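Here is a briefing for someone meeting this structure for the first time. Please look through the sequence and the model below before reading on.

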Amino acid sequence: MFVFDPYSPAIDADPFPAYQTLRDEFPCFWSPQAGTWVLSRYADIVSAGQDWQTYSSARGNLMTELPNRAGATLGTTDPPRHDRLRGLVQHAFMKRNLESLADPIRDIARTAAMALAGRGEFDFIGEFSSKFTVRVLFAALGLPMGDEQAVRDQAVLMVQSDPLTRAKAPQHIAAYQWMQDYAAGVIAERRARPQNDLISHFSMAEIDGDRLDEREVLLTTTTLIMAGIESLGGFMSMFALNLADHREARERVVADPSLLPDAVEESLRFNTSAQRFRRCLQRDVHLHGQTMRAGDFVCLAYGSGNRDDRQFPDPDTYDITRKPRGHLGFGGGVHACLGTAIARLSVKIAFDEFHRVVPAYRRADAPLQWMPSSTFRSPLRLGLSVQ
Amino acid sequence: MALITYIEPSGQSVSVEVADGWSLMQGATAGGVDGILGECGGSCACATCHCYVDPTRMAELPPPGEAELAMLEAVAAERRPNSRLACQLKASAALAGLVLRLPDVQE
């Protein structure tokens, strides 16, 4: 009997064969291990993502939700509250408002890359991407330097889940609590000494004359820090992995960095780190011969939709000339990732600078150790050998 | 389903069957139409799915909300009275046959 268990280490390592079975044989599948239905075809995921009235986010969006978080963040509220919350923070993440960050991001990337000069082998994550992402986030949010390593470690831990209990383990909850305490400290500091920055504005913002709920301010800030570090870092490690594994693609982007944006889009399609998110049904839905009931949870398997040959020809081939528009690497619809522009800008600059120092590399170790997570997928360590 | 016709910047016309509930931006990007980007994924945050709606059918569309009006101020090509963001227009049978003209630039 076919099983799809998103807590299984085998799925962390390689979900793609199971996704193909889901798409072809069980396009509306109940997974008892996950306690969710799983939608795996591109068209079904796009439809669900558009229909927030039916596929609600208000009971959480992570496959394994963090306690007391649902209802207090962008990803865990529905319109119209969601739209108003998003309106408060979106401005800071729009492309045209990020131009002033390009030079600081380049300086951060150059410094991190230069530290690798002359090395024969290194861990891309520990020695480049995690240093880069945490400094970029600190620059973008104006956070005080000094706690970078701790913030990064806790951000990576809080998104994980336990493969045995299929829940958050005590260390994951502790990391989440740590991050809330850290965010609370930053919010208190900004309220005491407001600056012209995102957290200052957000922590004192009002919607329709009402101050934001304290839990909204705290958990939205916590989520921004988590996403800025873990999601950006996770994607960078997948992009590096793809370029290490696909020599010809790497040689092309190294020779002509203007191809980097196309390679980034193909990586977002091919194996985005944000593999699966969750919704909760507000009414019964009949789909592919199944009846999903109001109150049931539904997993939107973006990583599977991105490999659906009903949408993308030859989907298992990594092809940087593909230009896969409409991919689900950032999700889609009202909850599409807030950070698309800063992520694209940061990754492009990071790899431009990284390739100046390390133009040729391959994977140093196989198999990889994968992060245990029902939502995200990226390696814990990515050893690269310089060639 | 609604058959939507997109006129690309080159003048080439492409017709796509867009599923009910999908935005006309998603219909275009999934259907391989040129001249539309949808960089933000449909969250009304980038103004790169700007389109000119057939003026004779403007009145049939739900009017733009606050967020769309704000983003329309940021479109790269000329903003006209029939400018809309395709991510905010949802396909339904009522829109069958709608023609959208795409601008020369989106960013």
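**A helix, a set of strands and a contact between chains**

Helix α10 (residues 214-245) of chain A has 32 residues and spans 46 Å from its first C-alpha to its last, close to the 46 Å expected at 1.5 Å a residue, where the expected span is 1.5 Å times one less than the number of residues. This is a predicted model, in which local features need pLDDT of at least 70 and side-chain atom pairs count only at pLDDT 80 or more, while totals for chains, interfaces and linings use all residues. Residues are numbered from 1 along each chain as its sequence is written, and chains are lettered from A and ligands numbered from 1 in the order in which they are written.

**Helix α10(A)**
- A kink of about 30° is centred on A:A227 in α10(A), the bend being the angle between axes fitted to the seven residues ending at a residue and the seven starting there.
- Of the 32 residues of α10(A), 26 are buried, which requires 20 or more other C-beta atoms within 10 Å of a residue's own, with C-beta atoms placed from the backbone.

**Strands of chain A**
- Strand β4 (residues 121-123) runs antiparallel to strand β12 (residues 383-386), joined by 3 bridges, and A:F122 stands opposite A:L384.
- Strand β11 (residues 361-363) also pairs with β12(A) in the antiparallel sense over 3 bridges, pairing being counted when DSSP finds at least two bridges, and here A:R363 has A:L384 as its bridge partner.

**Chains A and B**
- In all, 15 residues of chain B are in contact with 21 residues of chain A, contact meaning C-beta atoms, placed from the backbone, within 7 Å.

Note on methods
Two residues are in contact if their C-beta atoms, placed from the backbone, lie within 7 Å. Helices (H or I, at least four residues) and strands (E, at least two) are DSSP runs, numbered from the N terminus. A residue is buried if 20 or more other C-beta atoms lie within 10 Å of its own, exposed if 12 or fewer, and partly exposed in between; C-beta atoms are placed from the backbone.
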